[in-house]
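Please study the sequence and the structure before reading on.

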Amino acid sequence: LTATTTGEVVRLVWHAPEAPGVAGLRLHRREVVPPLPPASEVGKGLGPVVAELPAGATTYEDRAVRPHLLYIYRLAVRLADGSEAPPSPPVAAILKDLAPPAPPTSLEAEAGDGGTVTLRWSPSPSPDVAQVQLFRRIGGGPWAVVGAYRPATTEVADRIDPGAGYRYEYAVAALDTGGNRSAKSAPVVVAAPDHHPPAAPVLTQVESRADGTVAVRWAPPPDPDVAAFRLYRSAPEGEAEAVVEVAAGTGEAVDRQAVPGVAYRYTVTAVDGAGNESRRPPAVLAYARPAAAATPPPAPATGEARP
């Protein structure tokens, strides 16, 4: 007699007895619940009859079994007078649990001060949960297990970098006693405050125009979250002040308030969506030109009447 398991069934196979007088076979099964007894005691006792089989039968599939329990099987020959011959040696089988548990639900995340994230959820309804696992991923990267907790746990705290500006995602899953892991819960997102400024633009040209304005051009930084550019102007012995702000995607700003003949220094910064401003690159000197005078009309010819 041998026993194998297939996830839901214990399959038993044996050689049919060839002795005369065999009326049938009786399959005995004993269910052993944890804690398991010593190995020397496991095979003792027949247990109740779970199947009456014909004499020529050689297989039986036991579907009335549950995962994680130890089952002890013995097969006995039923004689014509109804008695039993001595049973076969015992064989043991434990049905492996292949079904994952249900995941925890209602996951919520609350971001606190100093990079603390408090996570809460409702436990899995499955009865055989052995562990709850907390998953986290950063900026759309791969999921990673960042914590493993007892089945009854419904609230934990995690630490993140509060100044990194990353997008954190969290999910939880349940692991059962058979090692099966549930699907992840619906994820929640925590966006850490962005305190990282973008890179500075690179000034490429400053032009004093004939109309008295000064145009400043630059090459934008590669940062994807730039929202605007600020043009700064400083007069001799003066502090730099922002005079123009233009939207991202623009590579030029024009100072229309410059005083003609004054030497100004210009620089440009990048500002991201969180309001972080880049450093100021070295300023470039430029003079605002006096606006060109309008050309007077030509003098009338001699003898021509003036209007």
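## Strands, sheets and a buried serine

In the hairpin formed by β8 and β9, four residues lie between the strands, and G114 takes a positive phi near 70 degrees. The model is a predicted one, in which local features need pLDDT of at least 70 and side-chain atom pairs count only at pLDDT 80 or more, while totals for chains, interfaces and linings use all residues. Residues are numbered from 1 along each chain as its sequence is written, and side-chain values use heavy atoms, with hydrogens and water left out.

Strands are DSSP runs of E with at least two residues, numbered from the N terminus. Two strands pair if DSSP finds at least two bridges between them. Strands of a sheet pair through backbone hydrogen bonds, either parallel or antiparallel.

Two open sheets may now be described. One consists of four strands in the order β4-β3-β6-β7, and its pairing is antiparallel. Its edge strands are β4 (49–53) and β7 (91–94), each of which pairs on one side only. From one strand to the next, the twist averages 25 degrees; such angles, from 0 to 180 degrees, are taken between the N-to-C directions of lines fitted to C-alpha atoms. Within this sheet, L27 stands opposite A51 in β4.

The other open sheet also has four strands, in the order β11-β10-β13-β14, with antiparallel pairing. Because β11 (144–149) and β14 (188–191) stand at the edges with a single partner strand each, one side of each is left without a neighbour in the sheet. Here the twist averages 30 degrees from one strand to the next. The bridge partner of E169 is V189 in β14.

| Strand | Partner | Bridges |
|---|---|---|
| β3 (residues 22–32) | β4 | four bridges |
| β13 (residues 167–176) | β14 | four bridges |

Where does S185 lie? The residue S185 is placed in the loop between β13 and β14. Is S185 buried or exposed? S185 counts as buried because its relative accessibility is 7%; buried means under 20% relative accessible area, exposed over 50%, and partly exposed in between, with a 1.4 Å probe and protein chains only. Apart from neighbours within four places in sequence, S185 is in contact (heavy atoms within 4.5 Å) with P103, P104, L107, A171 and V172.
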